[in-house]
Amino acid sequence: MLKPGLPKLIATDLDGTLVRSDDTVSAYTHEVLDRVRAAGIRIVAATGRGPRLTSLTRNDIRVADYLVLAQGGWVLDQAESRYLRQARLPGWALADVLARLESVAGPLSVMFEALEHDDAPLWGDYDPTWRYPVTVESRTRTECLSGDVIKAFARSFQHHVDELLDFARRVVPPEVATVTQAGLDYVEICPAQVDKGTGLAVVAEAVGVDPEDVLVFGDMPNDLPMFGWAGWGRVAVANAHPELKAAADEVTLTNDQDGVAVFLDRLLSR
């Protein structure tokens, strides 16, 4: 159940939630977010996008006070232009995760995100089905695992991503790495204790907001940790994954129907 009144902080996923299928954010959504911020409510982007996509993220949610990036591993304070969190996954831990996964799922195609500068390339196995424009620098797995990374994307060509995630949840110890999926046909492998909930907790501590005063929006299993963490309300878009809908207090319209903005518009007017 949503609480009465207004939340003190609103966090929203981007791709599939705030951002439409054509990779744009409507003028209406920007206008509603401006009014939310003018009402004194803090706005946070909580996304799987890594720091290499910071400029794109800023363009999609212009009034955000903080950016929770890389599934919660990197937290950027926009006003201070400084990171409050920069988590990386050691190569040895990632090697262990991939060995465990391939022992149950068979060979995987893997891309590694290691660099943080704008438009940095990914490393590893280029996949022509990758949904977004990207440069992939061909490197052997051994080379990619020689240092630490921000996260990795693992794809099976034999198993659906939900099945691969089930495998990962069973065989990857949480103290080694965090596994999730964000709708890209890849399981994402992040540092241990890194998820959108722990990323938002960094923001909440910085601004002095209780989780019980936070409203969140999302669409995929990678949003489940912040749904479990936020206490004011949890809203899924109508196009959301069944797991997220099951965890939601309410379901709004789809991302293509500006569901987040429609919900916030009604919230402000009540």
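Student: What classes of residue make up the lining of the largest pocket?
Tutor: The lining of the largest pocket has twelve charged, eleven nonpolar and nine polar residues. Keep in mind that this is a predicted model.

Student: How much space lies in that largest pocket?
Tutor: The largest pocket holds about 650 Å³ of space.

Student: Which elements give two or more residues to its lining?
Tutor: Two elements do: helix H2 (54-60) and strand S9 (151-155).

Student: And which residues lie nearest the centre of the largest pocket?
Tutor: Asp15, Arg131, Tyr132, Ala182 and Leu184. They belong to a lining of 32 residues.

Student: Where does the largest pocket lie relative to the domains?
Tutor: Between domain 1 (9-87 + 194-269) and domain 2 (89-191), because both give residues to the lining.

Student: On to the second largest pocket. How much space lies there?
Tutor: About 220 Å³.

Student: Which elements give two or more residues to the lining of this one?
Tutor: Helix H5 (161-171), strand S10 (177-181) and helix H7 (224-229).

Student: Which of them gives the most?
Tutor: S10, with three residues.

Student: How many residues line the second largest pocket, and which lie nearest its centre?
Tutor: The lining counts 15 residues. Thr178, Val179, Thr180, Pro221 and Pro225 lie nearest the centre.

Student: What about classes for the second largest pocket?
Tutor: Its lining has eight nonpolar, four polar and three charged residues.

Student: What does each domain give to the lining of the second largest pocket?
Tutor: Domain 1 (9-87 + 194-269) and domain 2 (89-191) each supply at least three residues to that lining.

Student: Is Cys144 buried or exposed?
Tutor: Cys144 is buried, because its relative accessibility is 1%.

Student: Then what is the relative accessible area of Cys190?
Tutor: It is 1%, so Cys190 is buried.

Student: Remind me what kind of bond a disulfide is?
Tutor: A covalent one, joining the sulfur atoms of two cysteines.

Technical notes: Residues are numbered from 1 along each chain as its sequence is written. This is a predicted model: local features need pLDDT of at least 70, side-chain atom pairs count only at pLDDT 80 or more; totals for chains, interfaces and linings use all residues. Side-chain values use heavy atoms; hydrogens and water are left out. Buried means under 20% relative accessible area, exposed over 50%, partly exposed in between (1.4 Å probe, protein chains only). On a 1 Å grid over the protein atoms alone, a cavity is a set of points where a 1.4 Å probe fits but cannot get out, and a pocket is an open set with protein on both sides within 12 Å along at least five of seven lines; lining residues have an atom within 4 Å of a point. Grid points are joined across faces, edges and corners, and a volume is the space filled by probe spheres set on the points. Helices (H or I, at least four residues) and strands (E, at least two) are DSSP runs, numbered from the N terminus. Ala, Val, Leu, Ile, Met, Phe, Trp, Tyr, Cys and Pro count as nonpolar, Asp, Glu, Lys and Arg as charged, and the others, Gly among them, as polar. Domain bounds come from an automatic or database domain assignment.
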